[in-house]
Amino acid sequence: MMFTDSAIEAEAERLLGSLMHVECDPKGRKWNLDTCREIAPLTLEINQLKKEKNAVILTHSYVEPEIVYGVGDFKGDSYFLSLKAQESRADIILFAGVVFMAETAKILSPEATVIVPDRGSGCSLADSITGADVRLMKSLYPDAAVVCYINSTAEVKAECDVCVTSGNVYDIVASLPQQRIVFVPDRLMADNIRNELRQRGVNKEIISSDGTCMVHEEFDVEQIKQARAQFPGLKVVSHPECTEEVAQASDFVGSTGAMMKYVKATPAPYFLMLTECGLVGRLEVEDPEKSFIGGCRLCPYMKLNSLEKIRDALRAPRPGQIVTLDENLRQSAARCIDRMFELTP
Ligand code: SF4
């Protein structure tokens, strides 16, 4: 598509309004009018294609800022975006995130064509376990409730009783009648569930599989100690995919949505965000008064998304970019997610 110079200039100024605040850029870019002008034809074309094709773009907070603020219709964590997928009346849902998230959108919006820009955008957690592995755990613990974190494939969700997110996991697990819980796929989140439930006086046996998030498992307590010594008044914010030691040494632990709310509501001179760097970029845009001291990490899967791939997938998706699910499997996975919606306080 061709755009006039004035359309490109107006788009560059719109982009700059958000991107000028991003210092934690995954490619180290400095956003100014020139760099915004370079991407303006792409964002204009993508936004035009969305209108022509009745498409929406869901953007996870961990993808690059020019995607979130340039072409995203909704931005947030996987739970929020699942709700948006469910409410959507669009013919096409393009999920700028990773494959398991696009599968969740397809489970909840079966009539829509769901597109993932890069089929290689996996997840170390979701890819750590198969449906057959869950069936084996169920046979070993037949009295247990089987709970999966939303960071799991459709095949795994189809085998589980209820899905949870990092925002509702403690309340849902505590509310289940079974004393024994099989929790997949995150071993570190299972440790954090055990600790939280113990503090709440809830007695559950949690048996977990062995997956970890390759981003969040890397943070350690030494990093927190050094940062606190260097930056008095610092607040440490982490995700329950981190180790229990990191969680316990943090001032706040929560989902990406909860982390954003905490930072926005907390007056502090500095924040250490122990999560994916994309969230820091979002906070720099949405709360530019706050100071972040670095220390975040990049998820290589999330960074497989790009404006070029999004444009190409909207123009003419390749078969591998369209998410398809067996209908019986989809319905079983939908029951698992619906149970989460029922149990979410
Ligand atoms: S940040 Fe971790 S949990 Fe999220 S997609 Fe990347 S590997 Fe998976």
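The model is predicted.

The chain holds 15 helices and 11 strands. Its radius of gyration is 20 Å, close to the 20 Å that the globule rule gives for 345 residues, so the chain is as compact as a globular protein of that length. Along the principal axes, the C-alpha atoms fill a box of roughly 65 × 55 × 30 Å. Of the 345 residues, 49% are buried. Contacts across the sequence were also examined. Among those between residues at least 6 apart, 69% join residues at least 24 apart.

Strand β5 spans residues 145-149. Four of its five residues are buried, so β5 is largely enclosed by the rest of the structure. Two strands pair with β5. One is β7, residues 180-184, which pairs with β5 in the parallel sense. Four bridges link β5 and β7. Within this pairing, Val 147 has Phe 183 of β7 as its bridge partner. Strand β6, residues 162-164, also runs parallel to β5, and three bridges join the two. Here the bridge partner of Tyr 149 is Val 164 in β6.

The loop that lies between β7 and helix α9 (187-199) contains Pro 185. The peptide bond leading from Val 184 into Pro 185 is cis. Its omega is near -5°.

The phi angle of Asn 54 is near 50°. That value is positive, and the residue is not a glycine. Is Asn 54 buried or exposed? Asn 54 has 11 C-beta neighbours inside 10 Å. A residue counts as exposed at 12 or fewer, so Asn 54 is exposed.

The ligand is surrounded by 13 residues. The closest are Cys 123, Ser 124, Cys 213, Val 215 and Cys 299. Sorted by class, the shell around the ligand comprises 10 nonpolar residues, two polar residues and one charged residue.

In summary, the predicted model shows a chain of 15 helices and 11 strands. Strand β5 pairs in parallel with β7 and runs parallel to β6.

Definitions and conventions. Residues are numbered from 1 along each chain as its sequence is written. This is a predicted model: local features need pLDDT of at least 70, side-chain atom pairs count only at pLDDT 80 or more; totals for chains, interfaces and linings use all residues. The radius of gyration is taken over C-alpha atoms; the globule rule is 2.2 Å times the number of residues to the power 0.38. A residue is buried if 20 or more other C-beta atoms lie within 10 Å of its own, exposed if 12 or fewer, and partly exposed in between; C-beta atoms are placed from the backbone. Two residues are in contact if their C-beta atoms, placed from the backbone, lie within 7 Å. Two strands pair if DSSP finds at least two bridges between them. A residue is near a molecule or strand if its C-beta atom, placed from the backbone, lies within 6 Å of it. Ala, Val, Leu, Ile, Met, Phe, Trp, Tyr, Cys and Pro count as nonpolar, Asp, Glu, Lys and Arg as charged, and the others, Gly among them, as polar.
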